Amino acid sequence: MRNKSPLLNLLTGDIFVEQLNDEEISLLLAEARACGLLTRIAFALARTHGSNSPSSHLADQLSAATIFFGGFKQDVLRELSHIEHALSNLKVPVILLKGASYILLDLPPADGRIFSDIDILVPKSHIAAAEAALMLGGWSTGKLDAYDQRYYRQWSHEIPPMTHLQRGTTIDLHHSLVMPSCRVRVDSAKMISDAVQVSGGGFWWRLKDEDMLLHAASHLLLNSEFDRGLRDLWDIDLLYRYFSAGSGDFPDRLLTRAQNVGLVHILTLALSLASTNFGTPLPEFMRAEKSNFLVRLLSRAATTRHPETKPKGQTAADIALMLREMYLRLPNKLLAVHLVHKLTDLCSAPKKKETA
Amino acid sequence: MEVGHAHALFEWGLNWTIGSYAHNFLILHSAVVELHGCGVLLAATSGSGKSTLAAELSLKGWRLLSDELALINSDLQLVPCSRPVSLKNQSIEVIRARHPEAIFGPLAIATHKGTIAHLPAPASSVERNLECAIPRLVVFPKWSANASLRLEPIGSGQAALRLIDQSFNYPILGRQGFDRLADLVDVAEAWELDYSSLDDARAAVERLVIERAQ
């Protein structure tokens with residue numbers, strides 16, 4: 001049976017935009033905004049409908065979103081050239097990850113994907129040099145309390161976010177693709193050492209095709225940022241379709257690679273969720289068993305986030321998944337420390353507000 | 001958050017929504033009025049008296065398109081966004097004293113911008129809310145106490161630079177934004193207006209318009 005979300009029905013192809021009335025179009029736009037998909041929807045509908053939008057109100061919204069994305073893309077490309085300039089003497093490959101790499105490589109998920117940080121990765125041995133070079137370029141980690149400093153510096157796979165003092169842009173500088181202490185043992189080093197230079201012999205490096213998709217999957221499922229979960233699933237769908245179309249053995253290579261780096265479970269979970277929402281054409285061997293508890297939690301979280309259409313129990317699912325993330329990221333002792341710290345924070349937060 | 005601020009917040013929320021999403025338009029922080037078919041932008045920073053001047057003009061028979069946002073479409077037309085004029089602090093009393101017949105909405109007291117009251121847009125302006133105007137003049141008003149009237153033309157380049165400072169989405173529009181702004185200052189003469197008397201300011205702007213009508 002159809003659910004009442006115009007967004008989800010549109011994405012699965014259960015309805016076409018022409019069938020929506022004005023109320024439903026309004027809800028579609030609100031849903032798309034709530035999960036960061038307005039610009040992506042604009043691109044998708046432009047591909048299927050050209051400039052013949054069924055409603056002029058919808059057409060206005062979509063063209064405005066497309067214009068917004070044009071400005072965003074320019075900003076990202078300009079920021080990449082600033083980062084390249086700042087890191088030009090680093091002498092090690094600098095790997096561009098996620099959203100910015102989709103734009104640089106002109107991959108399908110780049111279309112309409114808005115993001116707030118540029119994620120880059122250098123070997124751990126060069127983190128200090130990279131951080132210093134970025135500081136000279138005007139980026140700074142700003143003030144963090146002692147706990148957060150230690151969390152990032154000692155445990156995390158990235159240093160604290162660096163924000164540019166004038167432009168306000170943010171870089172996440174990584175040395176690993178997942179937390180080193182993560183309970184899902186991922187061979188991040190193998191993925192990093194197999195990175196390739198972006199064709200044209202430029203400055204930037206990228207993960208190879210399979211690893212790019214595996215990283216998208218692990219990022220979605222080992223973090224708990226589900227307000228952008230539907231967009232991330234769509235990225236995975238788009239990457240899968242694009243790489244599969246380019247090479248027939250991609251699904252096999254992908255699975256083999258996932259086995260080699262310890263991400264089979266994460267991959268099959270992500271692909272089956274993508275398939276549920278976007279009809280990703282998967283071979284049988286890629287499908288995760290349905291009806292498990294985690295899949296049910298994830299499908300409540302990585303979906304529409306609008307108050308009128310979100311599934312029942314979304315907040316509970318979000319909380320459960322956030323606890324799962326902490327559990328996966330941190331070994332028991334660190335987990336205990338982290339939870340105590342977060343709880344103390346939570347209890348003291350209202351007091352801070354009152355005095356402000 | 002104060003219940004008594006709800007209507008002011010609602011107005012700011014509408015402005016925010018337009019500024020954040022309506023990128024079909026080049027959006028400038030400017031009041032827009034029209035007389036005799038001449039669209040006039042009153043472009044200025046907060047506190048320079050543009051809303052007060054827009055309120056005064058709208059109560060004297062000008063058509064009000066907006067007191068806050070100039071929406072310029074790809075055909076270089078001014079798209080109306082007829083809503084109540086938001087008056088702040090002393091401006092409320094100034095307009096009330098000059099126009100005792102004017103109706104005001106409830107005061108929002110002690111907001112982060114001070115006290116706010118809303119003056120309805122004239123019914124005749126609201127009726128024409130689907131009708132665009134043609135930009136013919138850009139005026140940069142600046143109110144200061146005891147200033148004598150000064151009305152001087154400024155170059156189109158200078159005007160464009162000042163309008164960029166007053167734009168919500170100029171960088172987002174990229175090349176389109178540049179072209180539209182360049183076209184705007186090409187078709188609309190720019191003037192600087194320093195004043196302390198609303199009567200003088202209105203007379204000066206009306207003179208500019210009448211010289212250009214026909």
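How many salt bridges does the structure hold over all chains? The count is 33, where a salt bridge means a side-chain nitrogen of Lys or Arg within 4 Å of a carboxyl oxygen of Asp or Glu. This is a predicted model, so local features need pLDDT of at least 70 and side-chain atom pairs count only at pLDDT 80 or more, while totals for chains, interfaces and linings use all residues. Residues are numbered from 1 along each chain as its sequence is written, chains are lettered from A in the order in which they are written, and side-chain values use heavy atoms, with hydrogens and water left out.

**Salt bridges in chain A**

- A:Arg113 pairs up with A:Asp232 in a salt bridge, with 3.6 Å between the closest N and O atoms.
- That pair links distant parts of the chain: A:Arg113 is in the loop between helix H5 (98–105) and strand S2 (117–121) of chain A, and A:Asp232 is in helix H10 (residues 229–246), 119 residues apart. Helices (H or I, at least four residues) and strands (E, at least two) are DSSP runs, numbered from the N terminus.
- Both A:Arg113 and A:Asp232 are buried, meaning under 20% relative accessible area, with exposed over 50% and partly exposed in between (1.4 Å probe, protein chains only).
- These two also belong to a network of salt bridges that links A:Arg40, A:Arg113, A:Arg231, A:Asp232 and A:Asp235.
- Another salt bridge joins A:Arg257 and A:Asp211, and here the closest N and O atoms are 2.7 Å apart.
- This one links distant parts of the chain too, from A:Arg257 in helix H11 (residues 250–261) of chain A to A:Asp211 in helix H9 (residues 209–222), 46 residues apart.
- A:Arg257 counts as buried because its relative accessibility is 7%, and A:Asp211 counts as buried because its value is 0%.

**A salt bridge in chain B**

- B:Glu68 and B:Lys50 meet through their side chains in a salt bridge, at 3.5 Å from N to O.
- B:Glu68 sits in the loop between strand S3 (63–66) and strand S4 (69–72) of chain B, and B:Lys50 in helix H2 (residues 50–59), so the pair ties together parts 18 residues apart in sequence.
- B:Glu68 and B:Lys50 are both buried.

**Chain B as a whole**

- Chain B has seven helices and eleven strands.
- Its radius of gyration is 16 Å, close to the 17 Å from the globule rule for 214 residues, so chain B is as compact as a globular protein of that length. The radius is taken over C-alpha atoms, and the rule is 2.2 Å times the number of residues to the power 0.38.
- The C-alpha trace of chain B spans about 45 × 40 × 30 Å along its principal axes.
- Of its 214 residues, 54% count as buried.

**Where chain B touches chain A**

- Seven residues of chain B are in contact (heavy atoms within 4.5 Å) with eight residues of chain A.
- About 700 Å² is buried between the two chains, with carbon and sulfur atoms giving 62%; buried area is the accessible area (1.4 Å probe) that two parts lose on being put together, summed over both.
- In chain B, B:Tyr21, B:Asn24 and B:Ile172 lose the most area to chain A, together 67% of what that side buries.
- Helix H6 (residues 170–187) of chain B supplies three residues, the largest share of the side of chain B that touches chain A.
- Salt bridges between chain B and chain A number zero.
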